[in-house]
Amino acid sequence: MARHIAQRLMISLPVLLGVLMIGFLLLQVVPTDPATVVAGPSATKAEVEAIRQQMGLDRPLWVQFAGYLGRVLQLNLGRSMISNRPVVDEIALTFWPTVELMLACLIWAVPLGISLGTLAARRRGTTIDRAIMALSVMGVSVPVFWVGLILIQYVGGAGLLPFQGRNGPIWTADGLISIILPAVTLGAVFVGPVARMTRTSLLETLGADYVRTARAKGASDWRVTIRHALRNAMIPVVTLVGLQIGFLLGGSIVTETMFAWPGVGRMAVGAITSNDFPLAQGAILILAVGFMVVNLIVDVLYAYLDPRIARS
Amino acid sequence: MTDVTFPLQSDADQRAIATLRRKNAVWRRILKDPPAAAAALFLVIVVLAAVLAPWIAPFDPYSNNMRLRLCPIGGARCPDYLLGADNQGRDMLSRILFGLRATLGMGVTAVAVGGGLGALIGLSAAYFKRLDQPLMRLIDVLLSFPSILFGLAIAAVLGTGLTSLVIALSIAAVPSIARIARGAAQSIMQQEYMEAGRAVGLGDGALIWRYLALNCWPTILIYMTLQLGQAILLGAALSFLGLGAQPPTAELGSMAADGRKFLSIAPHVSTIPCAAIFLVVLAFNVLGDALRDALDPKLRQ
């Protein structure tokens, strides 16, 4: 198992380097010259030149990239052009709220999706199955902002639940109440894919020989489904949840922006619309790295569920 | 259909006949599946409406009339505006038609450009074995970057706007189509006619175009259709965030964002564009599912 993890890490390294390179090059092609922006509108040409040298912008691209890598390794991502605070500090403030929102979404959406998928597979071909599958394709197709708008209008607008900002950490009553609407919004688009994948995967395993054996031994229908088939069907579902983290990330950026949730996604959108390049770059970098880490965790989890994978 | 047997046929002939039958079967299956047939019909109508928007829209989507501001559907102030008016008193129906045009155009362009590039990468990876590893690692890097981040990154660099949005959506479409194209091309690389082509002295370009590309394109095209729904959804989300189409451009995502401020007094302004996006994406997904089921023999039981 340790070898498998080490192997996966080795594969991620070039990907990480690629992500960093893309992040670095993005700022290279920015039409606005950072030195001019930092110097301000009233600076003379010489002043701009001095700042350019100070920032190292006159050196060859690969030297700048090496310098950038060094700074990233030291967690130095520069300063926000607007608040003038270190980007790392801004990320540290927004990181936990984003993780909190995603966990709050997964904690109800994944179990519900698996239950619905199991139910649909057990009742294959019936009205229940068709209804669940119809709901699931609708869930995949609905824009996450529409779900948010409906909840804001009918639940938030009616004063039933707060819909503006995060009123505290999740373990406080205020915090818990304020996360409900964003978590429901984000989870609504996640139940569908999970239900669907569970159904497909379970239908495959229900036809397997060991399931027939379990049945022949006299195990009850639901016991066979849950103890024997579902456990094996979970492997593709875990993969899917991992793959869909990117999709979830997209949803969380929209959700955070709509509900004024102080997370990384909302910060990234704010930084982009206000041309705060270092902050935008830092936010995009942390989102990409976070996505990679989650994929790594999924990989390891996958090997745990199916030991054959680590051995091959 | 009665099964006619043809004696004295080569394997290749029989395979060709089987392929033809399968293609017919795909369409017949889709037409027999009521939701898929409805989705296909709906999409035909929507695409026609989007293409013909400048001729069928009852009003100019940009001409405002402050006296009709936020007029509801069927409101007495605006009897001619079938879907009411928005916050600037513009006809919602005309704006939806033009919005569909922008949103669909954005999705189709992105999937065509990104898919074309992806197909090229996938075919090259399958054909030139030495390129396989580096190209697929590049695709891995692209895949490890969630699509929404392309949207954010491109908007950060090129500024917000419809062009940035299309570029971002195109890049997002590259990796998955590259993988599909590579998979399809690899199976064709094993065919004897590839070797035969090489033996008669055809160049790489001819082999890739005439043999690989022409045999892979149905798979790639179908996969591109499947991607359209996702591209539209992502594009609308980015526009909603203010990173795509900018006001006053009629685009469904930014129209939804526009109407957000009037949610409590005039919900139709944001609900109609949201519903339009939902229905279009739903139709693409239902049709895509049916296509996938029809093409995947494993699921056909």
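## A residue in chain A

A:Leu101 is part of helix 5 of chain A, which covers residues 87-122. The model is a predicted one. Is A:Leu101 buried or exposed? A residue is buried if 20 or more other C-beta atoms lie within 10 Å of its own. A:Leu101 has 27 C-beta neighbours inside 10 Å and therefore counts as buried.

Leaving out residues up to four places away in sequence, A:Leu101 touches A:Ile179, A:Pro182, A:Ala183, A:Leu186, A:Ser252, A:Thr255, A:Glu256, A:Trp261 and A:Gly263. One of these partners, A:Ser252, is 151 residues from A:Leu101 in sequence, while the two C-alpha atoms are 7.8 Å apart in space.

## The two chains

Chain A contains 14 helices and 0 strands. Its C-alpha trace spans about 85 × 55 × 35 Å along the principal axes. Chain B contains 11 helices and 0 strands, and its elements, taken from the N terminus on, read α-α-α-α-α-α-α-α-α-α-α.

The table sets out some values for each chain.

|---|---|---|---|

## Where the chains meet

How many residues of chain B are in contact with chain A? There are 38 residues of chain B in contact with 38 residues of chain A. On the side of chain B that touches chain A, the elements giving two or more residues are helix 5 (129-143), helix 6 (147-158), helix 9 (204-240) and helix 11 (268-295) of chain B. Helix 11 of chain B gives the most to that side, with 9 residues. By class, the residues of the side of chain B that touches chain A are 26 nonpolar, 8 polar and 4 charged.

## The nonpolar core

The largest nonpolar core has 157 residues, and those with the most contacts inside it are A:Ala268 and A:Ala283. Helix 4 of chain B gives the most to this core, with 17 residues. With neighbours within four places in sequence left aside, A:Ala268 is in contact with A:Ile253, A:Ala280, A:Ala283, A:Ile284, A:Leu287 and B:Leu152.

## Two helix pairs in chain B

Helix 2 (residues 34-51) and helix 4 (residues 92-127) of chain B have axes that come within 8 Å and cross at roughly 105°. How are these two helices placed to each other? Angles of 65 to 115 degrees count as roughly perpendicular, and helix 2 of chain B and helix 4 of chain B are therefore roughly perpendicular to each other. Helix 2 of chain B brings B:Val46, B:Val47, B:Ala49 and B:Ala50 to the contact, and helix 4 of chain B brings B:Leu97, B:Leu100, B:Arg101 and B:Leu104. The residues of this contact divide into 7 nonpolar, no polar and 1 charged.

Another pair is formed by helix 6 of chain B and helix 7 (residues 162-189) of chain B, whose axes come within 8 Å and cross at roughly 145°. Helix 6 of chain B passes helix 7 of chain B in a right-handed crossing. From helix 6 of chain B, B:Ser147, B:Phe150, B:Gly151, B:Ile154, B:Ala155 and B:Leu158 meet B:Ser164, B:Leu165, B:Ile167, B:Ala168, B:Ile171 and B:Ala172 of helix 7 of chain B. This contact has 9 nonpolar, 3 polar and no charged residues.

## Two loop residues with positive phi

A:Ala260 is in the loop between helix 11 (245-258) and helix 12 (264-273) of chain A. Its phi is near 50°, a positive value in a residue other than glycine. With 13 other C-beta atoms within 10 Å, A:Ala260 is partly exposed.

A:Asn275 is in the loop between helix 12 and helix 13 (277-305) of chain A. A:Asn275 is not a glycine, yet has a positive phi of about 55°. A:Asn275 is partly exposed, having 15 other C-beta atoms within 10 Å.

How values were computed. Residues numbered from 1 in each chain as written. Chains lettered and ligands numbered in written order. Predicted model: local features only at pLDDT ≥ 70, side-chain atom pairs only at ≥ 80, totals over all residues. Contact = placed C-beta atoms within 7 Å. Helix = DSSP H or I, 4+ residues; strand = E, 2+ residues; numbered from the N terminus. Nonpolar A, V, L, I, M, F, W, Y, C, P; charged D, E, K, R; others polar. Axes fitted to C-alpha atoms, helices over the stretch in contact; angles between N-to-C directions. Parallel < 35°, antiparallel > 145°, perpendicular 65-115°, else oblique. Buried ≥ 20, exposed ≤ 12 C-beta atoms within 10 Å, placed from the backbone. Core = buried A, V, L, I, M, F, W, Y, C linked by C-beta atoms within 7 Å. Left-handed = near helix turned anticlockwise from the far one by under 90°.
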